[in-house]
Amino acid sequence: MRLAFRVLVYLLSGVAGLGFSRAFAQNQPNGEPIRVAIVGLEHGHVAGFLKQFPNQRDVQLVGIVDEDTALSHRYAQQFHLDPSLFYAQLDAMIAARHPQALLVYTSIGKHRQVIEAAAQRGLSVMVEKPLTMSLDDALAIRRAAREHHIQVLVNYETTWYASNRAAYDEVAKGTLGDLRRIVVHDGHEGPKEIGVPPEFLKWLEDPEQNGDGALYDFGCYGADLVTWLMHGESPLSVTAVTQTDKPQIYPRVADESTIILRYPKAQAVLMGSWNWPFARKDMEVYGATGYVITVGPDQLRIRAKGQGQESENTAPPLTPPNDGSLHYLTAVLDGTLKPDGDLTSLETNVVVMQILDAARQSAREGRTIKLGPLPK
């Protein structure tokens, strides 16, 4: 029973706050549900969306694409879905069902292909983190999004943590002084250990579909948060160390990773692991005059210079349109919010891929990788 609960938490983690109602309703007639399609069932977080779907009145799920008929049948049975929703090919589904947006739950290695296909058809896309596999892929995705005027958004569970927003606000207010160091911890005991579905595990432990295990799976959270806190600035250099502490389980990818980012006047340390004793996603932000430490989705520990001890606080609830994917996506796609520089935006996540790509190279070659500015 305990294992089943942990698996459910993990499957739902990537879709925390995912309310897709009217999110993609560009020029949507009043009162009509938006038409969304799922592409891929191999990413286990899709179960979280399908679990929520019956309660989403403003969303019409019009199609699901996956070549694996056995996997499609399993999901159809589990969530009582009409078999007519399922298609083996993306083109056939789009022609028959006319979705307005795609929700992508493939392996990370397939993101570029799906996004470019969506762009050709003018369809906006939300993918599960991280954006893709490499910086070259990220730049190609950005070109496609610009050329075809679509939105490409990246969903992270931690985007919807009130504690992260509160930490950001403390930095913006000057409570901490100039930023000096950011430390981010992310991960869990390991995907196999917590019992993720076999089709999910298959690509998580495949370097051709998931970069390098925990380095990409959990290093991306820290890269996203740090890039946000640094207002989209690329680091001067990236140094990464990875290792496999459980080669009998993960012989082809890293299950332990540490990434060090150097900025002109700050450093960041990102620790993504499949070896934590329990699941965690937390961050420490240190400045010249204080620090803030996030504890779970909505708790903070804060101490400023001159204070004898730290205070413990509950972060204010997130407010629209940044209180979850429902309001966020609606605002982005109706033009009332521009996702420039926020956690979900394409521009932020191109920098994330610059960091992850360099981290993978650094770990493989055993050296620090110096970075230059990204092409515009």
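The model is predicted, with pLDDT of at least 70 needed for local features and 80 or more for side-chain atom pairs, while totals for chains, interfaces and linings use all residues. Residues are numbered from 1 along each chain as its sequence is written, and side-chain values use heavy atoms, without hydrogens and water.

Strand β1 spans residues 34–39 (strands, E, at least two residues, and helices, H or I, at least four, are DSSP runs numbered from the N terminus). Five of the six residues of β1 are buried (under 20% relative accessible area with a 1.4 Å probe, protein chains only). β1 pairs with strand β4, residues 101–104, in the parallel sense over four bridges (pairing requires at least two DSSP bridges). Opposite V39 stands V104 of β4.

Four cavities of 30 Å³ or more were counted. A cavity is a set of points, on a 1 Å grid over the protein atoms alone, where a 1.4 Å probe fits but cannot get out; lining residues have an atom within 4 Å of a point. Points are joined across faces, edges and corners, and volume is the space filled by probe spheres set on them.

The largest cavity has a volume of about 110 Å³. Its lining consists of T159, W160, R165, W228, L318, N322, Y328, D342, L343 and T344, of which five are nonpolar, three polar and two charged (Asp, Glu, Lys and Arg are charged; Ala, Val, Leu, Ile, Met, Phe, Trp, Tyr, Cys and Pro nonpolar; the others, Gly among them, polar).

The second largest cavity holds about 50 Å³. Of its 11 lining residues, H43, K129, W203, L204 and D217 are the closest to its centre. Helix α9 (residues 198–204) supplies the largest share of this lining, three residues.

Technical notes. Buried < 20%, exposed > 50% of the residue type's maximum accessible area, 1.4 Å probe, protein only. 1 Å grid on protein atoms, 1.4 Å probe; cavity = no way out; pocket = protein on both sides within 12 Å on 5 of 7 lines; lining within 4 Å.
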